[in-house]
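Colleague: I have a new model on my screen. Could you walk me through reading its features?

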Amino acid sequence: MQSARSMNEYHEQIRESLDNSFLREALDKFAVAYKANRLMIFADVNAKDLIQEIAQAKDEALPRIEELYAMFKAEAEKRGVHVHRAETAAGANEIICRIAKENNCKKIIKSKSMTAEEIHMNHALEGAGCEVAETDLGEWIIQLRHEGPTHMVMPAIHLSRVQVADTFSEETGTKQESDISKLVKVARRELRAKFAGADMGISGANFAIADTGTIGICTNEGNGRLTSTLPRVHVAIAGLDKLVPNIHDALRIIKVLPRNATAQAITTYVSWMTGAAEHSQNPDKRKIMHVVFVDNGRSALAKDAICASALRCVRCGACANVCPVYRLVGGHKMGYVYIGAIGLILTYFFHGRENARHLIQNCINCEACKDVCAAGIDLPAIIQEIRARLVEEEGTPITSSLLANVLENRKLFHTLLRFGKFAQRPITGGTPFIRHLPEIFLKGQGFRALPAVASSPFRDRWEKISKILPAVGKLRVGLFAGCAQDFVYPEQLEAAVKVLSAKGCRIDFPMEQSCCGLPVRMMGERKAAENTAIRNIRAFDPARFDYIVTLCASCASYMKNSYAEVLAASTMRTEAEQFATRVRDFSSFARDVLGLGDGDFVKSGEGVCYHAPCHLCRGLGVTGQPRDLIRAAAEYKESPEEDVCCGFGGTYSVKFPEISAQLLQKKLDNLESSGAEVLVTDCPGCVMQLRGGEEKRGNKLKVEHIAEFLSRRMK
């Protein structure tokens with residue numbers, strides 16, 4: 001559980017995780033294996049359509065929470081079940097403690113439940129004099145260690161078998177071996193007596209089926225069934241968001257939940273409980289069964305037009321499985337109770353802004369979580385919304401405010417960049433990199449060489465370039481530069497102009513364009529994001545162009561997918577939608593629109609590897625086109641995990657340099673293992689990160705934007 005009360009303290013906690021070599025190795029191996037296994041287990045399922053169906057069903061159910069709760073309560077009570085509703089975590093604990101007291105229950109066994117973790121139920125029961133034993137193997141291990149889960153499905157994934165053996169040795173008073181099969185036998189032996197002697201069993205619930213009053217539980221260990229059947233009292237605890245109208249909706253979720261969580265076709269046990277079952281220990285020979293629904297902010301969240309979709313979550317934990325940040329720091333540093341991207345969101349709504357303030361910053365916006373979500377939640381967009389709300393609630397940090405003011409003022413922004421060309425001279429050493437900048441100015445950035453501002457920006461070169469371009473062409477193309485390519489990498493834009501003009505494009509470069517606005521959106525600066533979007537739309541006037549082409553994957557994804565949303569309440573919304581339809585990234589435009597292929601290049605024998613920018617492969621769904629272009633011009637060398645984030649993330653690499661550095665090193669190791677001489681990518685931010693890292697390593701790979709690579713191979 002993250003407990004930092006300042007950003008400096010949070011950074012200290014992160015460094016503790018980064019220094020934990022076992023944690024990093026374990027999460028690294030799991031992430032690689034998970035991706036491959038998930039791909040195989042979804043091979044016979046149309047995942048996209050299934051996820052869309054689940055999202056639609058969840059969205060239809062959320063406005064009906066009150067109706068579904070009333071229906072469930074009526075049906076369950078017909079069958080002898082007591083149904084309760086708690087508005088707060090404290091209220092839920094009060095109900096559960098009262099049930100224990102009324103039924104004289106002192107010994108309680110519990111199967112896995114994230115809702116119970118959310119309300120800190122164990123502490124409440126122990127405070128009421130009850131003995132509570134977790135019976136899920138991972139949960140029992142972390143209970144003995146007085147820790148919280150580090151993953152929603154695999155709570156003890158952060159521990160080695162040696163650590164578990166030491167924990168079991170302390171618990172049993174006998175030295176235990178670190179052999180896994182023997183440790184499992186120890187757990188089975190120790191827990192067997194707790195199952196036999198328990199008065200009450202507490203379980204979670206994956207589903208609460210309204211039309212029959214049925215509880216459904218998916219588990220991989222037999223403890224779930226033992227917990228819900230052996231004791232004379234059974235309490236099931238569930239969030240209101242677990243209500244579904246019927247069994248059909250539950251079965252549809254079961255098709256995706258285990259596949260997404262652990263790459264299984266189905267969990268070992270799927271248990272359904274409708275009504276109070278028989279039980280010989282009670283006078284009426286029926287089990288005493290209670291279902292406690294927890295609101296704790298859910299009904300309010302369900303009415304939130306922007307964030308309500310977070311309640312679609314089926315608790316598969318996949319957003320952590322694919323998160324590059326979680327992979328390095330684990331759930332104790334990337335969660336409060338709930339883990340991963342969904343944890344950043346739910347912490348804000350369930351546990352308060354104080355506990356979410358630092359966590360919500362630790363998202364690199366790579367969109368891997370959105371890409372894998374079993375319920376189709378746009379997790380990065382909700383995280384950005386929460387950042388904006390925190391800014392509005394608590395005020396803007398001075399550094400963010402200054403940067404926002406600069407980025408939304410094009411003339412000021414460009415003036416400062418021009419000034420940087422002169423100010424940098426003492427610290428570049430005559431190279432394209434900043435070599436002598438004191439650490440105090442960019443703390444923690446020593447893991448990469450930072451680029452110098454170009455001697456002249458692309459906008460200053462455009463008049464000369466435009467004079468030698470054809471005056472007519474089959475397509476009218478507006479070239480969007482963004483920040484980095486205009487003032488840092490103008491040669492990338494020049495290369496793109498060469499390629500596009502050779503294929504008959506009539507190119508224009510509107511001078512009023514500026515930063516796309518993604519940095520200020522990521523900082524939560526809502527007004528600055530609106531202003532930058534409006535400026536760029538007016539600069540380009542969508543009606544003038546057939547296409548607006550950009551060489552920056554992040555700019556392309558943001559402008560195409562977010563401008564209309566950013567300007568939803570503005571009179572510019574229609575223009576924003578027109579603008580978005582014309583935006584294309586360079587690679588898909590070159591391959592799909594211009595038809596560039598084998599006949600357009602002088603193919604070389606040089607080995608070329610590829611890094612897929614996050615916002616290209618996931619934000620835009622562009623995957624095959626850049627690889628096809630590379631194959632047409634050279635020998636493509638595949639490398640491991642090409643679509644995993646390089647660690648740049650714009651301002652993220654400045655806010656969390658210790659994480660950015662580790663992501664970069666892993667990425668470069670993978671790319672260099674391909675045996676290639678050249679590394680190609682589609683984003684200037686990725687070029688900055690990767691080229692800066694290679695400069696520090698001795699330039700084993702020549703790093704180019706794909707436009708530069710194709711330009712030099714053009715016939």
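Predicted model: local features only at pLDDT ≥ 70, side-chain atom pairs only at ≥ 80, totals over all residues.

Colleague: Start with charge pairs. How many salt bridges does a search of the whole structure find?

Modeller: Side chains of opposite charge can pair when their charged atoms come close. The search of the whole structure gives 56 salt bridges.

Colleague: Is aspartate 249 buried or exposed?

Modeller: Buried means under 20% relative accessible area. Aspartate 249 has 10%, so it is buried. Arginine 252 is at 15%, so it counts as buried too.

Colleague: Now a pair between helices. Where do glutamate 494 and arginine 461 lie?

Modeller: Their side chains meet in a salt bridge at 3.3 Å, N to O. Glutamate 494 is in helix 25 and arginine 461 in helix 23, so the pair ties together parts that are 33 residues apart in sequence. Glutamate 494 is partly exposed at 29% relative accessibility. Arginine 461 is partly exposed at 21%.

Colleague: What does glutamate 672 meet in a salt bridge?

Modeller: The side chain of lysine 700, at 3.7 Å, N to O. This pair links distant parts of the chain, 28 residues apart: glutamate 672 is in helix 34, and lysine 700 is in the loop between helix 35 and strand 20. Lysine 700 is exposed, because its relative accessible area is 54% and exposed means over 50%. Elsewhere, salt bridges with shared partners join Asp304, Glu385, Arg389, Glu392 and Arg526 into one network.

Colleague: On to the surface. Which residues gather in a patch of negative charge?

Modeller: Glu9, Glu12, Glu16 and Asp19. Glutamate 12 belongs to helix 1 and is partly exposed, at 46% relative accessibility.

Colleague: And which residues make the nonpolar surface patch of about 260 Å²?

Modeller: Ile247, Leu251 and Trp272 make that patch. Isoleucine 247 is in helix 12. At 39% relative accessibility, isoleucine 247 is partly exposed.

How values were computed: Residues numbered from 1 in each chain as written. Heavy atoms only, no water. Patch = residues over 30% accessible without salt bridge, like charges linked within 9 Å, V, L, I, M, F, W, Y side chains within 5 Å. Areas by Shrake-Rupley, 256 points an atom, 1.4 Å probe, with all protein chains shown as cover. Salt bridge = Lys/Arg side-chain N within 4 Å of Asp/Glu carboxyl O. Lys, Arg positive; Asp, Glu negative; His and termini not counted. Charge placed at Lys NZ, Arg CZ, Asp CG, Glu CD. Helix = DSSP H or I, 4+ residues; strand = E, 2+ residues; numbered from the N terminus. Buried < 20%, exposed > 50% of the residue type's maximum accessible area, 1.4 Å probe, protein only.
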